[in-house]
Amino acid sequence: MKTHHLTKIKDRFKVSILHLFVFRLSMPLSLFTFFFLITFPGSIVGKTHTVCQNCSISSVKHAIQMANGGDTIQIKKGTYKEGFIPIAKSITIIGEPGVVVDGQKEKHVFGIYHDSVKILNLKIIGSGISDLAEYAGVYAEKVKHCYFENLVLENNVYGFYLSETSQCTIKNSSSIGNAENEVLGGNGIHLWSSHNNKIIGNHLEKHRDGIYLEFSEHLQIENNEAKENIRYGMHFMFSNENRFSNNTFKNNSAGVAVMYSRKIFMEKNQFLENWGESSNGILLKDISESVLSQNLFQGNTIAVFADGITKIEFIENNFIDNGWGIKILGNTDHNQIKNNNFIQNVFDISTNTKSTTNVFFQNYWDHYEGYDLNADQFGDVPHKTIHFFGYWIAVYPFLMILYESPVVLFLQGIEKAFPIVTPIEFEDKQPRMKVRI
């Protein structure tokens, strides 16, 4: 029965081929080709061009010139001193282990000017250096569906630079920059007016900013590590409706800056050891309608610096061993800080105003000295989140030299006896008695 069924399928296929042949005789070649590609889309497969130092094709540029759209260029181990490599056709470039492509400091190393270009498994070095142009190891402009994976970028001013792109991916790659200062340095991953892109699993180091975004929306930024960058681990402005999660920003001069944007979702990131005179784990400037959830802020000068933020939710974050947990300026309103842990910070909360519309609720404060008589795991008296000296430090920073001096310790004793000297509005009405796990 099974053999009979297979025979019927073969007979039908033969009849279909015969009908196609008769159809071909009755129509022009161009129309037939179009019909054939639609009917049998998998029938045409791109060619593979092999590049090696002893092959007939020994140059990546030469291989690109020979290739047609849909072709693949396979590069064998070796160093290829190519200069600027423009790509204006939809091709795939794949290197085997040990491939190095050197831009010889001309311009960009790779310039992508066509949709659906893929580059994988290369080491890319030697972009140009200019005061007038922003040269990158990989530059893509006005394209869709570009894909870059497992690339190692070194000694480039900018690592990846995407301008007016969409639906592109940068994945499992690294960029180690050569920035000596903010003026001459470039960014590890730089997006301008680029939407619906993915930045996943990359390592960014020694750039001006690890990741920089401007006028770029609907981005997915996950599992990246940005450390030891001259300015920010990540910095973005005018970029709405973005999500970043499970990233690590460590030992950058100023952590992360999120500015002039709305509907930003920040989850399970780590902001670590961003320490310096004015370093922040994260700076939030004119941000609204956003969420910070389950993030770790540890070892930062200021974990969160909040300037002009509105309708932000801080939920289930850990603030541990920072100079300041959250610095809230007076222009920061209608935010909710709930179910967070504040542990071993010098100052948990700091502000320069005596009134607030921000709500603190059910946070754990290791400085809380209240009690829980009804054993419901919440304090029976409110916790004052800002103490006398913390308030005056925010207003007059130079007073920090008096920290833990006998004068300040005396004033703190007075504060306990007469709590009206601190801003009463900054309080958690139901503090948590145990650390939220």
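A salt bridge here is a side-chain nitrogen of Lys or Arg within 4 Å of a carboxyl oxygen of Asp or Glu. K76 and E96 meet that description, with their side chains 3.8 Å apart, N to O. The structure is a predicted model. A search of the whole structure finds nine salt bridges and 16 aromatic pairs.

**Parallel strands**

- Strand 16 covers residues 189-192 and runs parallel to strand 19, with four bridges joining the two. Within this pairing, L191 is opposite L213 of strand 19.
- Strand 19, made of residues 211-214, is covered on both faces. I211 and L213 lie on one side, Y212 and E214 lie on the other, and all of these residues are buried.
- Strand 19 is also joined to strand 22 (residues 234-237), again by four bridges and in parallel. Here E214 is opposite M237 of strand 22.
- Strand 22 in turn pairs with strand 25 in the parallel sense, over four bridges. H235 has A257 in strand 25 as its bridge partner.
- Strand 25 spans residues 256-262 and is largely enclosed by the rest of the structure, because five of its seven residues are buried.
- Strand 25 pairs with strand 28 (residues 280-293) over six bridges, also in the parallel sense. In that pairing M259 is opposite K285 of strand 28.

**Nonpolar surface patch**

- W192, F215, F238 and Y260 make up a nonpolar patch on the surface. Together they have about 360 Å² of accessible area.
- W192 belongs to strand 16. With a relative accessible area of 34%, W192 is partly exposed. Patches are made of residues with over 30% relative accessible area and no salt bridge, so the 34% of W192 is over the cut-off for accessible area.

**Aromatic rings**

- Among the 16 aromatic pairs found in the whole structure is the one between Y113 and Y139, which is tilted. The ring centres are 6.4 Å apart, and the planes are at 55 degrees to each other.
- This pair links distant parts of the chain, as Y113 and Y139 are 26 residues apart. Y113 lies in the loop between strand 7 (110-112) and strand 8 (118-120), whereas Y139 lies in strand 10 (residues 136-141).
- A charge meets a ring at W324, where the charged end of K327 sits over the ring, 4.5 Å from its centre.

**Salt bridges**

- The salt bridge of K76 and E96 has an N to O distance of 3.8 Å. It links distant parts of the chain: K76 is in the loop between strand 2 (72-75) and strand 3 (78-81), E96 is in the loop between strand 5 (92-95) and strand 6 (99-102), and the two are 20 residues apart.
- K76 is partly exposed, at 34% relative accessibility. E96 is partly exposed too, at 24%.
- R231 and D209 are joined by a salt bridge of 2.7 Å, N to O. This pair also links distant parts of the chain, 22 residues apart, with R231 in the loop between strand 21 (225-227) and strand 22, and D209 in the loop between strand 18 (203-205) and strand 19.
- D209 has a relative accessibility of 0% and counts as buried.
- K429 and E427 form a salt bridge in which the closest N and O atoms are 3.0 Å apart. K429 is exposed at 57% relative accessibility, while E427 is buried at 13%.

Methods. Residues numbered from 1 in each chain as written. Predicted model: local features only at pLDDT ≥ 70, side-chain atom pairs only at ≥ 80, totals over all residues. Heavy atoms only, no water. Buried < 20%, exposed > 50% of the residue type's maximum accessible area, 1.4 Å probe, protein only. Pairing = 2+ DSSP bridges. Patch = residues over 30% accessible without salt bridge, like charges linked within 9 Å, V, L, I, M, F, W, Y side chains within 5 Å. Areas by Shrake-Rupley, 256 points an atom, 1.4 Å probe, with all protein chains shown as cover. Phe/Tyr/Trp six-rings, centres within 6.5 Å; stacked < 30°, edge-to-face > 60°. Lys NZ or Arg CZ within 6 Å of the ring centre and 35° of its normal.
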